[in-house]
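Trainee: I have a model to go through with you. Can we take it one piece at a time?

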Amino acid sequence: MADTEQQRNEQQRGTIRTGGQGKELSASPGVSASGASSPQRGGGDPSTRGRTTIADGVVEKIAGLAARDVDGVHAMGGGLSRTFGAVRDRVPGGNAKSVSRGVKAEVGEVQTALDLDIVVEYGVSIADVARAVRENVVAAVERMTGLEVVEVNIAVGDVKLPDEEDEDEQEQRLR
């Protein structure tokens with residue numbers, strides 16, 4: 001009985017005894033004495049080894065790009081953040097935040113919630129634009145991160161009228 005228990009302990013440690021000559025071969029768990037890999041190397045599914053964390057800023061960038069792709073979305077962010085953003089965009093290296101402007105994400109281990117501030121173009125249905133933004137943002141964030149998007153709150157802060165100037169147009173005039 002002690003011999004069988006000793007063999008089990010040695011197999012768990014990766015030492016394999018062969019034949020009556022006491023020859024030992026060392027092998028890693030999940031690798032046979034011949035060196036061939038077995039499917040359960042290291043004790044299970046590789047996707048369960050370790051932990052992946054996704055920063056809020058990553059989700060914000062993905063959501064910001066997905067929202068901007070929707071027809072009818074003129075800009076992202078409230079008036080003040082767009083003004084500061086226009087100034088920041090003029091500074092070399094300062095436009096890193098512009099992609100996520102108007103997006104706030106709260107990221108947990110398996111879920112995320114998003115708040116978006118958008119400006120829509122005059123003449124479009126705000127309800128249709130909001131629905132399309134939600135669909136596009138949820139699809140992009142879930143596909144790229146694997147997180148479940150539990151909510152996408154959209155605040156429409158302004159409507160871009162056809163005769164209004166953009167910050168970009170004002171910026172061009174100032175130069």
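Trainee: How far apart are the end C-alpha atoms of helix H2, and what span should its 13 residues give?
Mentor: This is a predicted model, where local features need pLDDT of at least 70, side-chain atom pairs count only at pLDDT 80 or more, and totals for chains, interfaces and linings use all residues. Residues are numbered from 1 along each chain as its sequence is written, and side-chain values use heavy atoms, with hydrogens and water left out. Helices (H or I, at least four residues) and strands (E, at least two) are DSSP runs, numbered from the N terminus. The expected span is 1.5 Å times one less than the number of residues, so H2 (residues 56-68) should span 18 Å, and its end C-alpha atoms agree, at 18 Å.

Trainee: Which residues of H2 are buried?
Mentor: Buried means under 20% relative accessible area, exposed means over 50%, and partly exposed lies in between (1.4 Å probe, protein chains only). In H2, the buried residues are Val59, Glu60, Ile62, Ala63, Gly64, Ala66 and Ala67.

Trainee: Glu60 carries a charged side chain. Why does Glu60 count as buried?
Mentor: Glu60 sits in helix H2. Glu60 counts as buried because its relative accessibility is 8%.

Trainee: Which residues does Val99 touch, not counting those up to four places away in sequence?
Mentor: Val99 lies in the loop between helix H3 (79-90) and S4. It is partly exposed, at 26% relative accessible area. Its C-alpha is 5.6 Å from that of Lys61, 38 residues apart in sequence. The residues it touches are Lys61, Gly64, Leu65 and Arg68.

Trainee: How far apart in space are Ala132 and Val73, C-alpha to C-alpha?
Mentor: Ala132 is in helix H4. At 23% relative accessibility, Ala132 is partly exposed. Ala132 and Val73 are 59 residues apart in sequence; in space the distance is 9.9 Å.

Trainee: Which residues is Val159 in contact with, leaving aside neighbours within four places?
Mentor: Val159 belongs to strand S6 (residues 148-160) and is partly exposed at 27%. Val159 and Ile118 are 41 residues apart in sequence and 8.9 Å apart in space, C-alpha to C-alpha. The contacts of Val159 are Val119, Val120, Glu121, Tyr122 and Glu164.

Trainee: Which residues line the second largest pocket?
Mentor: Its volume is about 220 Å³. By class, the lining has three nonpolar, five polar and two charged residues. The residues are Arg51, Thr52, Thr53, Ile54, Val107, Gly108, Glu109, Thr145, Gly146 and Leu147.

Trainee: What counts as a pocket and its lining?
Mentor: On a 1 Å grid over the protein atoms alone, a pocket is an open set of points where a 1.4 Å probe fits, with protein on both sides within 12 Å along at least five of seven lines. Lining residues have an atom within 4 Å of a point.

Trainee: Which pattern does the protein chain follow?
Mentor: The chain has five helices and six strands. Of its 175 residues, 28% are buried. Among contacts with a separation of 6 or more, 65% join residues 24 or more positions apart. Read along the sequence, the pattern is α-β-β-α-β-α-β-β-α-β-α.

How values were computed
Points joined across faces, edges and corners; volume = space filled by probe spheres on them. Contact = heavy atoms within 4.5 Å.
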